[in-house]
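User: Could you walk me through a few spots in this structure? I'd like to start with the strands and then move on to some individual residues.
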Amino acid sequence: MSTRTPATRLHPAHLNTDALSDHLVLDVRSEAEFAAGSLPGAHNTPLDRIEQALADLELELAQRDVVLVCRSGARAQRAADALATSGASSLKVLDGGLEAASSAVQGAGTSQAVPSIGWSTPASEAGWGMERQVRLVAGSIVATSILASIWKPKARFVAGGIGAGLTFAALSNTCAMGAALRRLPFNRPRAPRS
């Protein structure tokens, strides 16, 4: 029986190639987000598939320190909670996620995405990030329902529902719309170009 090992926080300032060279870096974002860029050497294991991946990762989890990353750190923390009883020798969550790491570097006046690391895939080769997709869909639904309320006054309640859903998403740090969008075909990995 394995014991629960709490995850520690890895500050973005400590994020560099030397610090990660001996670690298993798991990026728990969706495949489409991962395709937009991640840390070099990172393995993509989306949060919604972390339980299924345990069997494949069990040996590495027991032998190596694990760094979990996502956009903001929230999904990485949920993944750490799921992996805590799996026998992982050490779990670390990138504090604030890749956003904080990128902001820390931009605040230092450099153009790199992450200090001493950079992204493994140029963002120009990938599609839109999940947050941008959620903003587009939510904004489009709200604008359409407001316009439709000119002819059908009750359509304004759709806009209210979207607003309530976004408020709940912020308070719970989850996003049902993002989870639904992740399942769409264009958010799945593309076959490599030859």
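**Strands, a helix and a surface patch**

Analyst: Before the details, please keep in mind that this is a predicted model. To begin with the strands, Leu68 stands opposite Val93, which lies in strand 5.

User: Which way do strand 4 and strand 5 run when they pair, and over how many bridges?

Analyst: Strand 4, covering residues 65–69, pairs with strand 5 in the parallel sense, and the pairing extends over 4 bridges.

User: And what joins strand 1 to strand 5?

Analyst: Strand 1, residues 8–10, runs parallel to strand 5 and is joined to it by 3 bridges; within this pairing, Leu10 has Leu94 of strand 5 as its bridge partner.

User: Is strand 5 mostly covered or exposed?

Analyst: Strand 5, which spans residues 90–94, is mostly covered, with 4 of its 5 residues buried.

User: Switching topic: where is Gln133, and is it buried or exposed?

Analyst: Gln133 is found in helix 6, and it counts as buried because its relative accessibility is 7%, with the cut-off for buried set at under 20%.

User: What is Gln133 in contact with, leaving aside its neighbours in sequence?

Analyst: Once neighbours within four places in sequence are set aside, Gln133 is in contact with Trp128, Leu181, Phe186 and Asn187.

User: Now the surface: which residues form the nonpolar patch?

Analyst: Leu147, Ile150 and Trp151 form that patch, and together they have about 400 Å² of accessible area.

User: Where does Ile150 sit, and why does it count as exposed?

Analyst: Ile150 is placed in the loop between helix 6 (130–148) and helix 7 (156–172), and it counts as exposed because its relative accessibility is 59%, where exposed means over 50%.

Technical notes
Residues numbered from 1 in each chain as written. Predicted model: local features only at pLDDT ≥ 70, side-chain atom pairs only at ≥ 80, totals over all residues. Heavy atoms only, no water. Patch = residues over 30% accessible without salt bridge, like charges linked within 9 Å, V, L, I, M, F, W, Y side chains within 5 Å. Areas by Shrake-Rupley, 256 points an atom, 1.4 Å probe, with all protein chains shown as cover. Salt bridge = Lys/Arg side-chain N within 4 Å of Asp/Glu carboxyl O. Helix = DSSP H or I, 4+ residues; strand = E, 2+ residues; numbered from the N terminus. Buried < 20%, exposed > 50% of the residue type's maximum accessible area, 1.4 Å probe, protein only. Contact = heavy atoms within 4.5 Å. Pairing = 2+ DSSP bridges.
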